[in-house]
Amino acid sequence: MNRYQYRRTKNALASCLALACVILALIPLVYILAEVVMKGAPALSWQFLTNRTTGTGEPGEGIGNAIVGTLLLVFYAALIGLPIGILTGVYVSEYGNNKFGTTVRFFNDVLANFPSIVVGLLAYALVVSYLNVGFSLIAGSVALAIIMIPIVANTTEEALRMVPNSLREGALALGVPRWKTVLKVILVNGRAGVVTGALLGIARISGETAPLLLTAFYSNYWSLSPTEPVASLPLTIFRYYSSPSQVLLQQAWGAALVLILMVLALNISVRFLMWSRTGRSKAVRKTWIIRLSRKT
Amino acid sequence: MDYKIVTKDLNAYFGEVHSVKGVGIRIPKNAITAVIGPSGCGKSTLIRCMNRMHEVVRGARVTGKVLLDNRDIYSSQMDPVLVRTKVGMVFQKPNPFPTMSIYDNVVAGLRLNGERDWKKLDSAVERSLKLAALWDEVKNQLDASGVGISGGQQQRLCIARALAVEPEVLLLDEPCSALDPIATAKIEDLLFDLKDKYTIVIVTHNMQQAARVADFTAFMYLGELIEFDVTKKMFEHPEKELTEKYITGRFG
Amino acid sequence: MAVATLSLVLVWLLVLRMVFDAQQSIARFGPGFLTGGIWDTNRDVYGALPFIFGTLLTTGIAVLIGVPLSIGIATYLSELAPPWLRSPLSFVLELLAAVPSVIYGLWAMYALRPVMVKSVEPFLHSILGWTPFFEGDSVGLDKFVAGIILAIMIIPTITSVSKEAMKAVPDSQREAALSLGATRYETTSMAVLSYARSGIFGACILGLGRAVGETMAVTMTIGNSNRISWSLLDPGQTMASLIANNWGEAQGLQLSALIEMGLVLFVIALIVNAFARLMVGRFMKRIPSTGGGL
């Protein structure tokens with residue numbers, strides 16, 4: 001084989017290899033989804049969704065309190081995380097063209113990829129240890145909020161960046177105070193980014209387990225109190241996954257199915273939101289993995 | 001007269017946009033041919049069809065024939081890779097590889113073809129850089145980064161890089177538009193020396209450059225080839241009215 | 001603005017609190033904590049070495065497997081895929097990242113593990129068993145399986161950042177290579193991957209950071225053994241999985257030691273992530289300039 005043919009073969013091989021990598025990566029995804037659906041579907045029933053956990057494997061137990069627990073955790077986390085995230089995003093986008101802004105942005109990026117268990121430790125340090133509240137719903141929410149903030153801040157900032165400066169300048173020229181301009185800009189144009197960030201953040205934190213291990217712990221009871229431990233879907237899966245009891249194991253799969261449906265629904269609706277705004281789809285680019293191009 | 005490249009009813013499209021319309025041009029061998037015309041007339045697209053670079057853009061396509069030494073480069077048996085080794089190109093903005101040294105940049109094409117003998121590579125570097133009138137300036141810093149030199153030098157580096165694979169044709173797409181007059185003059189000078197061994201086609205929006213450098217000139221307007229002639233004749237007695245209007249500056 | 005400052009300050013305060021909580025352990029073991037090889041609750045002796053070791057091994061596997069795959073995928077997405085496929089494919093890959101870690105662990109336990117135990121690991125043992133890395137038999141809960149799951153989990157991260165880095169390479173570079181008569185593969189390798197290499201490197205470090213801190217999937221697959229062992233087929237423990245496993249009942253000195261472990265993890269995560277961000281950030285800023293060198 002002469003050199004030229006060698007190069008052509010190499011080229012063809014390389015293309016195949018790249019495609020093979022793609023397929024190889026897709027296999028686990030398909031496999032996981034299939035397993036969760038197949039093994040989790042049998043567990044689904046009205047009782048399953050409404051009865052509380054007991055962890056004993058007795059018939060009649062369900063994951064109702066875990067579902068409620070997850071919803072509560074997410075709710076409080078959003079309560080804390082959304083305002084802080086949005087404000088941070090707004091600050092960095094509108095006022096942050098200076099050294100401090102760059103620092104905040106940098107820390108934000110670093111925090112976005114932080115090990116969730118360390119975040120759990122931080123929340124533990126604050127709520128469980130320092131404030132001495134003990135394992136509790138609120139501790140869990142704090143941990144989740146910390147995870148959520150960078151995500152929301154990023155998408156908010158991006159959405160705001162895409163708003164043309166002419167809008168801001170026009171408003172300022174009319175004598176509108178800076179903060180009002182910013183408010184108007186967010187409400188009108190940045191809304192999509194904020195919503196995307198919120199949804200992405202929620203999708204991400206619903207599945208988090210490690211921080212909850214250290215903070216919200218677990219509970220077999222219906223609990224609405226912020227200062228008591230609370231059940232959650234991911235932790236239910238963790239508790240039951242190695243159980244010898246087939247009943248509990250199936251419950252774990254069922255919980256996994258519920259959780260994954262939640263997460264997928266959120267992710268897909270984010271994508272859908274983005275597609276339906278094709279003009280601004282660049283503006284609302286998904287960033288919960290990493291945020292990249294910085295042109296300060 | 002010997003023609004190196006002959007196109008027959010060449011049409012080029014960017015999706016729906018018809019950039020080059022039915023062009024039949026004959027590029028003389030071992031001479032410099034300039035292609036002039038107002039912005040958007042399709043001159044860059046035309047030469048990009050000559051080394052099958054046009055089709056690289058998404059949605060772009062070509063119909064018609066382009067004969068290089070009487071062989072159609074668009075025939076289905078022709079591999080674009082081979083065409084591009086025979087027909088080299090220098091672009092508007094210098095684009096040396098930043099991660100490579102000057103030396104590595106020049107021999108990049110040769111290495112692709114498997115050349116490993118460092119003696120051959122060394123001599124190729126010297127030869128190419130001399131042809132590109134860059135040797136004296138960089139011979140002591142061949143290890144320096146390809147982007148550590150001035151814009152004019154970078155462009156000459158790109159010319160050297162293109163020449164190193166010993167193509168038969170050299171296409172230049174407005175090579176001096178990003179350069180200052182002195183760098184431009186250096187490049188125009190070296191083109192004179194090159195035409196003995198190479199067929200050169202240069203796209204330029206600068207008519208004076210065409211008048212200075214080219215043996216033949218082609219005038220394009222809105223995708224069509226309006227006139228093609230010996231440069232002196234075209235500038236002094238253009239045959240088409242459109243050509244005359246352009247040359248005298250009455251539009252574009 | 002006040003909010004932003006406040007949050008930053010708060011985070012550092014929390015770190016301080018963690019140090020406070022860990023002081024018992026810090027006082028007792030000093031720097032020897034990092035080199036101590038024993039973690040024994042009965043004797044109240046704690047050392048971090050087995051877990052640093054475990055983290056290194058699992059992360060090593062994850063990176064070894066994950067990086068080539070990711071670069072392959074990123075190349076496909078950036079250079080080879082037909083335009084209509086790019087967006088949906090990217091989305092699907094992002095879904096891979098959206099799957100919660102605990103579900104990965106669940107799947108690994110019941111779907112991946114049997115495959116590993118029945119076919120993959122015996123195979124590896126048979127051809128590589130003479131190396132210290134593949135000695136011994138396995139029950140499928142070991143560092144190797146944990147490493148594989150980690151690899152799958154970090155692929156979206158590395159792919160996404162690498163893809164962005166590659167897309168950022170100007171087309172003029174590709175044209176330069178193509179016009180020299182380069183094949184598609186050669187163009188990608190000569191013009192794109194070289195140019196983007198610092199960005200891709202940053203992407204890999206980000207993936208590494210993710211692997212270091214990943215907890216649940218690892219906890220559920222690594223077998224939870226506090227012994228130091230070179231064999232990948234032996235169970236082990238990482239820093240993160242140790243904390244996850246022992247948090248519930250830990251008290252006193254053990255709790256303090258766990259928190260100290262958390263601090264170590266925090267520092268490592270901070271350094272790795274900050275470094276990665278710097279690399280990627282610097283690469284992105286350099287793109288517009290051709291005269292600036294790399």
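How many residues does the contact take from chain B and from chain C? The contact takes 23 residues from chain B and 20 residues from chain C, where two residues are in contact if their C-beta atoms, placed from the backbone, lie within 7 Å. The structure is a predicted model, in which local features need pLDDT of at least 70 and side-chain atom pairs count only at pLDDT 80 or more, while totals for chains, interfaces and linings use all residues. Residues are numbered from 1 along each chain as its sequence is written, and chains are lettered from A and ligands numbered from 1 in the order in which they are written.

**View 1. The side of chain B that touches chain C.** On this side, α2 (80–86), β7 and α3 (102–112) of chain B each supply at least two residues, helices (H or I, at least four residues) and strands (E, at least two) being DSSP runs numbered from the N terminus. The most comes from α2(B), with four residues. Sorted by class, the side of chain B that touches chain C holds 12 nonpolar, eight polar and three charged residues; here Ala, Val, Leu, Ile, Met, Phe, Trp, Tyr, Cys and Pro count as nonpolar, Asp, Glu, Lys and Arg as charged, and the others, Gly among them, as polar.

**View 2. The open sheet of chain B.** Six strands of chain B are arranged in the order β7-β8-β9-β4-β10-β11 with mixed pairing, two strands being paired if DSSP finds at least two bridges between them. Because β7 (87–90) and β11 (224–230) of chain B stand at the edges with a single partner strand each, one side of each is left without a neighbour in the sheet. From one strand to the next, the twist averages 20 degrees.

**View 3. Strand pairing and helices on the sheet of chain B.** Strand β8 (residues 169–173) and strand β9 (residues 199–203) of chain B pair in the parallel sense over five bridges, and Leu171(B) stands opposite Val201(B) in β9(B). Helix α1 (residues 43–50) of chain B packs on the sheet, where it touches β4 (32–36), β7, β8, β9 and β10 (216–221) of chain B, and its direction makes about 150 degrees with that of β9(B); axes are lines fitted to C-alpha atoms, for helices over the stretch in contact, and angles run from 0 to 180 degrees between N-to-C directions. Helix α6 (residues 151–164) of chain B lies across β7 and β8 of chain B, at about 170 degrees to β7(B).

**View 4. The crossing of α5 and α6 in chain A.** The axes of helix α5 (residues 116–130) and helix α6 (residues 137–162) of chain A come within 8 Å and cross at roughly 135 degrees. That makes α5(A) oblique to α6(A), given that angles under 35 degrees count as roughly parallel, over 145 as roughly antiparallel, 65 to 115 as roughly perpendicular and the rest as oblique. Among the residues that meet are Val119(A) and Leu122(A) in α5(A) and Val142(A) and Ile146(A) in α6(A). The residues of this contact divide into 13 nonpolar, two polar and no charged.

**View 5. The crossing of α3 and α9 in chain C.** Helix α3 (residues 49–80) and helix α9 (residues 197–213) of chain C have axes that come within 9 Å and cross at roughly 140 degrees, and α3(C) and α9(C) are therefore oblique to each other. Residues including Ala62(C) and Val63(C) in α3(C) meet residues including Cys204(C) and Leu208(C) in α9(C). By class, the contact of α3(C) with α9(C) has nine nonpolar, four polar and no charged residues.
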